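Hi there,

Here is the structure I promised to pass on.

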Amino acid sequence: MNTRVGGLRIAFVSALVGSTLSLGVAPARAQSTSSDNRAVAETLFFAGRGLMEAGRYNEACGKFAESYRIDPAAGTLLNLAFCHEKEGKVASAWGEYRQALAEARKANRADREELAREHIATLEPQLPMLTIEVPDAMRVKGLEVLRNGTALQTGAWGLELPTDPGKVEIVARAPGYRPKTKFITLEKAQHASVRLEKLEELPPEEMPQAPAQGWSTKRIVGASLVG
């Protein structure tokens, strides 16, 4: 996307929200959002727009994400998706556009639906896909599998999942076992698979100790001094 088209796209996405605000019609929001929180969310949103127009996508995406967390407005989600797309996080952007598409259908917003569809179609061929295989032999009690710090539900184990390109950290951990970490670097449109290995059980001396019951030495000494 060239600079001129990119600028127009930013303006278009922003206009979707700006026009609704100027007309006094709020985008789809959580009913429980307070006026104070909404003010904070809109301040973050406009800060994100300024940063995005300056090409500071990493900072802008953080502002949009926090704004959406406080007050999940549909226009903010579209801006967040576009920001992640410009940042190169194509899987994050794809997921956000799909969510925005569903919300646009509910709200009967054909303009937002068309925009989301257009970007979804552009991003899908670029998506890196990662399969994390978890053999039955390593599925111990309390096992967690984390991808870049986010836990994957067991239903996602062994499935090909869209993943942002770049370095991916995969951690397997469980109580009483030594955690194992693997790294893989993904390119756009790459399909890759990682097979996790059986965890090593911790020796007794490395097991987390339960808090001691009863009075500690410090409390006993203190009570003696008082006495």
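A word on the ground rules. This is a predicted model, so local features need pLDDT of at least 70 and side-chain atom pairs count only at pLDDT 80 or more, while totals for chains, interfaces and linings use all residues. Residues are numbered from 1 along each chain as its sequence is written, and side-chain values use heavy atoms, with hydrogens and water left out.

Helices and the disulfide

Helices (H or I, at least four residues) and strands (E, at least two) are DSSP runs numbered from the N terminus. Helix 3 has 14 residues and spans 20 Å from its first C-alpha to its last, close to the expected 20 Å (1.5 Å times one less than its number of residues). Its buried residues (under 20% relative accessible area with a 1.4 Å probe, protein chains only; exposed is over 50%, partly exposed in between) are Ala60, Cys61, Phe64, Ser67, Tyr68 and Ile70. These residues pack against helix 2 (35-53), helix 4 and helix 5 (90-107), where contact means heavy atoms within 4.5 Å.

The model has one disulfide, defined as a pair of cysteine sulfur atoms within 2.5 Å. Cys61 is joined to Cys83, with 2.3 Å from S to S. The pair links distant parts of the chain, with Cys61 in helix 3 (residues 57-70) and Cys83 in helix 4 (residues 74-87), 22 residues apart. Both cysteines are buried, and the link is left-handed, with -110° about the S-S bond.

In the loop between helix 3 and helix 4 you will find Pro72, which is partly exposed at 27% relative accessible area. Pro72 is 34 residues from Arg38 in sequence, and their C-alpha atoms are 9.6 Å apart.

Strands

Two strands count as paired if DSSP finds at least two bridges between them. Four strands make an open, antiparallel sheet in the order 3-2-5-7. Strand 3 (150-151) and strand 7 (180-186) stand at the edges with a single partner strand each, so one side of each has no neighbour in the sheet. Strand 2 (residues 144-147) pairs with strand 3 over two bridges, and Leu146 has Ala151 as its bridge partner.

Salt bridges

There are 14 salt bridges, each a side-chain nitrogen of Lys or Arg within 4 Å of a carboxyl oxygen of Asp or Glu. In helix 3, Arg69 and Glu66 are three residues apart, about one helical turn, and their side chains meet at 2.7 Å, N to O. Arg69 is exposed at 59%, while Glu66 is partly exposed at 30%.

Arg173 forms a salt bridge with Glu144, the closest N and O atoms being 2.8 Å apart. Arg173 lies in strand 5 (residues 166-173) and Glu144 in strand 2, so the pair ties together parts that are 29 residues apart in sequence.

Glu197 and Lys182 meet at 3.7 Å, N to O. Glu197 sits in the loop between strand 8 and strand 9 (200-201) and Lys182 in strand 7, so this pair ties together parts 15 residues apart in sequence. Salt bridges that share partners also join Arg105, Glu113 and Arg117 into one network.

Best wishes
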